[in-house]
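Below is a short report on selected local features of one protein model. Please read it with the sequence and the 3D view open.

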Amino acid sequence: MPVHEITDPDDDRIADYRALTDVELRTRWEPPHGLFIAEGELVLRRALRAGYPARSYLVDAKRVDQLADLDTGDAPVYAATQDVLQRATGFHVHRGVLASFHRRPLPTAAEVLATARRVVVLEDVNNHTNLGAIFRGAAALGIDAVLLSPTCADPLYRRSVRVSMGEVFAMPYAKLDRWPEGLDQVREAGFTVLAMTPAPDAVPIQRLTPAQRERAALLLGAEGPGLTAAAQAASDVRVVLPMRRGVDSLNVAAAAAVAFWELGRDDPPFGVE
């Protein structure tokens, strides 16, 4: 595995990794260039297993051996000191390993819905940490796919990928280009759209009928404002997680995980059909 030493943080060979903490700049750079950044050895290995082609690797010079077993193919491996890494990326790369990957074409919403039994639909979830946590919970708790409104954050942004522990690579996802009209497409595919809200007149989620739970599309809004009135009006049922001790709501990722578990609580144990 040939390794190329980088001594200048402005070296054009590592342009993919420049200013990784600048969300606005990365949003303008990554999707148009068809790339995303994976941080940490575990995450980059999961990206490779999921079939994403690597563009390049950038590692702490002291950690090059961590990639010694990889078939890096045509993707160059760059190594630099922590000082150079920090000046190039804008943060201390304490995991010591970064990789740039090519994106793959997204499936359509119709393609995702055709093979799913239970999905989560996100409206305006633009916090990358919450988005990554939702993907991780969805992968762990029986959700088959994720659908995103046009205003959602990028699941392949570095922080989302890291918080999801690479589960964004395992979860099929697609965008609903028209909002909230796109929820009609979800319903026409045979799903019941369940809008999560803390409203006191909503149906407690554990009281949903078997028919409502069978093919559920759980609709969640952004942290704070929650779902818009238009999205709630376009749903089939408004549901709530009953709270105690005067707590009115949970973090959206925590609420999602509880709801995922509840919707799948009657599923066969893992590995048992």
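R158 is buried, at a relative accessible area of 3%. Buried means under 20% relative accessible area, exposed means over 50%, and partly exposed lies in between (1.4 Å probe, protein chains only). R158 belongs to helix 6, residues 158-163. Helices here are DSSP runs of H or I with at least four residues, strands are runs of E with at least two, and both are numbered from the N terminus.

The model is predicted: local features need pLDDT of at least 70, side-chain atom pairs count only at pLDDT 80 or more, and totals for chains, interfaces and linings use all residues. Residues are numbered from 1 along each chain as its sequence is written, and side-chain values use heavy atoms, with hydrogens and water left out.

What joins the side chains of R158 and E39? A polar contact of 2.9 Å does. Such a contact is a pair of N or O atoms within 3.5 Å; within protein, one must be able to donate a hydrogen and the other to accept it, and residues adjacent in sequence count only if both atoms are side-chain atoms. Leaving aside neighbours within four places in sequence, R158 is in contact with L20, T21, I37, E39 and F91. Contact means heavy atoms within 4.5 Å.

## S160, also in helix 6

S160 lies in helix 6 too. Is S160 buried or exposed? S160 counts as buried, at 0% relative accessibility. Setting aside neighbours within four places in sequence, S160 touches H128, L131, G132, D154, P155 and V168.

## Helix 2 and what covers it

Helix 2 covers residues 41-49, and its buried residues are V43, L44, R45 and A47. Their cover includes helix 6. It also includes strand 2 (35-39), strand 3 (54-60) and strand 5 (97-102). G51 follows helix 2 and has a positive phi, near 95 degrees.

## Helix 1 at both ends

Helix 1 spans residues 23-33. At its start, a side-chain oxygen of D22 reaches to within 3.3 Å of the backbone nitrogen of E24. G34 follows helix 1, with a positive phi near 65 degrees.

## Helix 5 against helix 10

Helix 5 (residues 128-140) and helix 10 (residues 252-263) have axes that come within 9 Å and cross at roughly 15 degrees. Axes are lines fitted to C-alpha atoms, for helices over the stretch in contact, and angles run from 0 to 180 degrees between N-to-C directions. The two helices are therefore roughly parallel to each other. Angles under 35 degrees count as roughly parallel, over 145 as roughly antiparallel, 65 to 115 as roughly perpendicular and the rest as oblique. The crossing is right-handed. That term applies if the near helix is turned clockwise from the far one by less than a right angle, and left-handed applies if anticlockwise.

Which residues meet? From helix 5 come N130, A133, I134, G137 and A138; from helix 10 come V252, A253, A256 and F260. The contact residues divide into seven nonpolar, two polar and no charged. Here Ala, Val, Leu, Ile, Met, Phe, Trp, Tyr, Cys and Pro count as nonpolar, Asp, Glu, Lys and Arg as charged, and the others, Gly among them, as polar.

## Backbone exceptions

Most residues other than glycine have a negative phi, and most peptide bonds are trans. M165 has a positive phi, near 55 degrees, and is not a glycine. M165 sits in the loop between helix 6 and strand 8 and counts as partly exposed, at 28% relative accessibility.

R245 is another non-glycine residue with a positive phi, about 55 degrees. R245 lies in the loop between strand 12 (237-240) and helix 10. R245 is exposed, with a relative accessible area of 83%.

The peptide bond from W179 to P180 is cis, with omega near 0 degrees. P180 lies in the loop between strand 8 (173-175) and helix 7.

Q185 lies in helix 7, residues 182-188. Q185 counts as partly exposed, at 31% relative accessibility. Q185 and A109 are 76 residues apart in sequence, yet 8.4 Å apart in space, C-alpha to C-alpha. Beyond neighbours within four places in sequence, Q185 is in contact with A109, A110, L113 and L176.

P2 is in the segment before strand 1 (3-5). P2 is exposed, with a relative accessible area of 60%. P2 and V163 are 161 residues apart in sequence and 30 Å apart in space, C-alpha to C-alpha.
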